[in-house]
Amino acid sequence: MVGTDDVLSHSIVVEIAPDQVFSGSEVQTLDSVYVELNNPGDRNASEYADALPLGAQVMAYIEPAWDGSAQTGVDQELQNPDAGRPTGEPLYVLTSPQGFAIVASSGDVVWPLLGATLEGDLKDFSPDGSALLAQR
């Protein structure tokens, strides 16, 4: 959670196991990547598990997350900066809402943070026809 005493922003951390890394040497050595997703509706973790079942094919453009340390001019703090992953594991965030897509059970590619769905192969939606492909 991020916020002040009276306003909180919730998130959830999902674990994905990279099959292919499009770019980024540090991720290539990891068996699992922990990615923080915004959870503005404060959805239950079981709803995320239903929407992102184990073995689902996903594409994620990620970058290292803020470590939660205090910063001048920032009025937010992480309530628990180590939550959602094993101790010492790095946390990543999406580079943008367009940076996260999943192959739905219908076979369509869905961008849940945009509310968009398109037909096609997940690889078709990366800059060069490949992407960070992973299974959750």
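This is a predicted model: local features need pLDDT of at least 70, side-chain atom pairs count only at pLDDT 80 or more; totals for chains, interfaces and linings use all residues.
A residue is called buried here when its relative accessible area is under 20%, and exposed when that value is over 50%. Leu122 has a relative accessibility of 1%, and therefore counts as buried.

The protein contains two helices and 12 strands, which follow one another along the sequence in the pattern β-β-β-α-β-α-β-β-β-β-β-β-β-β. Of the contacts between residues at least 6 apart in sequence, 63% join residues at least 24 apart.

In soluble globular proteins, nonpolar side chains tend to be buried together. In this model the largest nonpolar core has 17 residues, and those with the most contacts inside it are Val35, Leu37, Leu52, Ile62, Leu94 and Phe100. The elements that give two or more residues to this core are strand S3 (11–20), S4, strand S5 (57–60), strand S8 (91–94) and S9. Apart from this core lies another, of five residues, including Met59, Ala101, Trp111 and Leu122. Once residues up to four places away in sequence are set aside, Phe100 touches Leu37, Leu52, Val58, Met59, Ala60, Leu94, Val110, Trp111, Pro112 and Leu113. Two of these partners, Met59 and Trp111, are listed among the residues of the five-residue core.

Leu122, itself a member of the five-residue core, is found in the loop between strand S11 (116–118) and strand S12 (133–135). Its C-alpha atom is separated by 8.5 Å from that of Asp108, a residue 14 places away along the chain.

Rolling a probe the size of a water molecule over the atoms shows where empty space is left. The second largest pocket has a volume of about 310 Å³ and is lined by 15 residues, of which Asn38, Tyr48, Ala51, Pro112 and Leu113 lie nearest its centre. Strand S4 (33–38), helix H2 (45–51) and strand S9 (100–103) are the elements that give two or more residues to this lining, and H2 gives the most, with three residues. By class, the lining is made up of 10 nonpolar, three polar and two charged residues. Pro112 and Leu113, which are among the residues nearest the centre of this pocket, are also touched by Phe100.

How values were computed: Residues are numbered from 1 along each chain as its sequence is written. Side-chain values use heavy atoms; hydrogens and water are left out. Helices (H or I, at least four residues) and strands (E, at least two) are DSSP runs, numbered from the N terminus. Contact means heavy atoms within 4.5 Å. On a 1 Å grid over the protein atoms alone, a cavity is a set of points where a 1.4 Å probe fits but cannot get out, and a pocket is an open set with protein on both sides within 12 Å along at least five of seven lines; lining residues have an atom within 4 Å of a point. Grid points are joined across faces, edges and corners, and a volume is the space filled by probe spheres set on the points. Ala, Val, Leu, Ile, Met, Phe, Trp, Tyr, Cys and Pro count as nonpolar, Asp, Glu, Lys and Arg as charged, and the others, Gly among them, as polar. Buried means under 20% relative accessible area, exposed over 50%, partly exposed in between (1.4 Å probe, protein chains only). A nonpolar core is a set of buried Ala, Val, Leu, Ile, Met, Phe, Trp, Tyr and Cys residues joined through side-chain atoms within 4.5 Å.
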